[in-house]
Structures are given as C-alpha cells and as structure tokens.
Amino acid sequence: MRVLPYGARAAMVDFDDPSEVLGLHASLERDPPDGVVELVPAARTLLIRFDPGRTHHDRLTGDVLDRSTMDVVPREAAEIVVPVRYDGPDLADVAATTGMSAEAVVRRHEDGTYVSAFCGFAPGFAYLTGLDPALHLPRRTSPRTRVPAGSVAIAGEYTAVYPNASPGGWQLIGRTTLTVWDVDREPPNLLAPGTRIRFTS
C-alpha cells in the first residue's frame, strides 16, 4: 500500500491487491480521520480528499498506514436483491465459451455474493466483485453502440447493471427492471461502493 500526494487537497492510495481497497474504504468510512471530506474508490486505488485547513498529507498518510485493510466489516447496509430475466443476447455465447449450459451460467451468476467495489464509466455504473471465476470472460471484441438500461452483464472479474442506455462492450446475460441510478432519489446510486448485492431470477 502506497500513499502518494495528489495535489494540495488529496492523497492517492495505491494497492497491489484490489480487495484491500474495500477494506481501507470501509475502515475510513467507519472511523474517518479529521479533515477527510470524500473517498473515491477505484479498482486498485482510493482517492482521499481532505481539508488542508484541518489536516495535511503527512498526518493523513500516517493514519492510513496504521490501518488494517483486511477483515474490516463494511458499513451496515441492507442487501440489494436484483431481479433478473436471464435472456441476454450474449448468454448462449457465454455458455459456449465456458463449456456450460445456459442454465449453469445462470445458476453460477445467481449463486454469487457480490459487493460494489467502485463506480465508474457512467454515473451509477457499479463494478461488482464476487463473480464466479468460471465466468471471468473478456469484453466483446466488437462493442455495441447501445446497451439498454438495466442490462446485466459480465466482463473480466466483474459483473454489473447498466444504469442507463449507453455504448458498451460487456457480455450481456440478462436484464432487470430495477432502477439502479435515479437523480430524483436520495441517494441516486442504489449500488454505492460497499453495498452487498444478490441476483435472482
């Protein structure tokens, strides 16, 4: 774990193990150091914005390095259940590539216990960890120009729900009617980092 200056008001924590991002994020959310104003997790980094009138980089670095990134219980939150109709246009290809039946792909996806690791690409697009390694597949060689909102997809080690219609190259295995991003809701993001998610047919 490395803590680097990121301008005068932020520090960037860099990790070798992506699972440590969630651990440190949970620790800092549960017991934030004085002066921290925002946490922005990503795949292998955590951006920590702070008020330089209340703390400074060296003090923040000392606090961060003293924390454990393992076995930290994330903030308490209800598990979000995402109902899915598993009829995605790539489901048959995913089954063929993995050597499974479509039913087996669905079962493995449903059996996962997922956590929102970080958001990116588009507002509300949560990268969910916990995907069965047998379903770790690359993105499509030819991305789609339009993926419908609510599409349930897999790519690499992640699964996700497209929050809005957008271009995309993930493998589409299903769809949900659950709205995961709504600017008129507080908070707008249903799948904020640290949230636990379960998919069900």
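**Helix H3.** I looked up the buried residues of H3 in this predicted model and found Leu 91, Val 94 and Ala 95. Viewed down the helix axis, these residues fall within an arc of 100 degrees, so they line one face of H3. I then checked the face turned away from that buried side, where Ala 92, Ala 96 and Thr 97 are exposed. For packing partners of the buried residues of H3, I listed H4, S9 and strand S12 (171-175). Just after H3, I noted a positive phi of about 75 degrees at Gly 99.

**Asp 90.** I located Asp 90 in the loop between S5 and H3. Its relative accessibility is 1%, so I put Asp 90 down as buried, the cut-off being under 20%. Leaving out residues up to four places away in sequence, I have Asp 90 touching Arg 140, Arg 144, Trp 170, Gln 171 and Leu 172.

**Nonpolar cores.** I went through the largest nonpolar core, which has 25 residues. Val 82, Val 105, Ile 154, Ile 173, Ile 197 and Phe 199 touch the most other members. I recorded the elements that give two or more residues to this core: strands S5 (80-83), S7 (126-129), S9 (151-155) and S13 (196-200), with helices H3 (91-98) and H4 (102-111). Apart from this core I found another, of 14 residues, including Val 3, Val 13, Leu 46 and Leu 60.

How values were computed: Residues numbered from 1 in each chain as written. Predicted model: local features only at pLDDT ≥ 70, side-chain atom pairs only at ≥ 80, totals over all residues. Heavy atoms only, no water. Core = buried A, V, L, I, M, F, W, Y, C linked by side-chain atoms within 4.5 Å. Buried < 20%, exposed > 50% of the residue type's maximum accessible area, 1.4 Å probe, protein only. Helix = DSSP H or I, 4+ residues; strand = E, 2+ residues; numbered from the N terminus. Contact = heavy atoms within 4.5 Å. Arc of directions from axis to C-beta.
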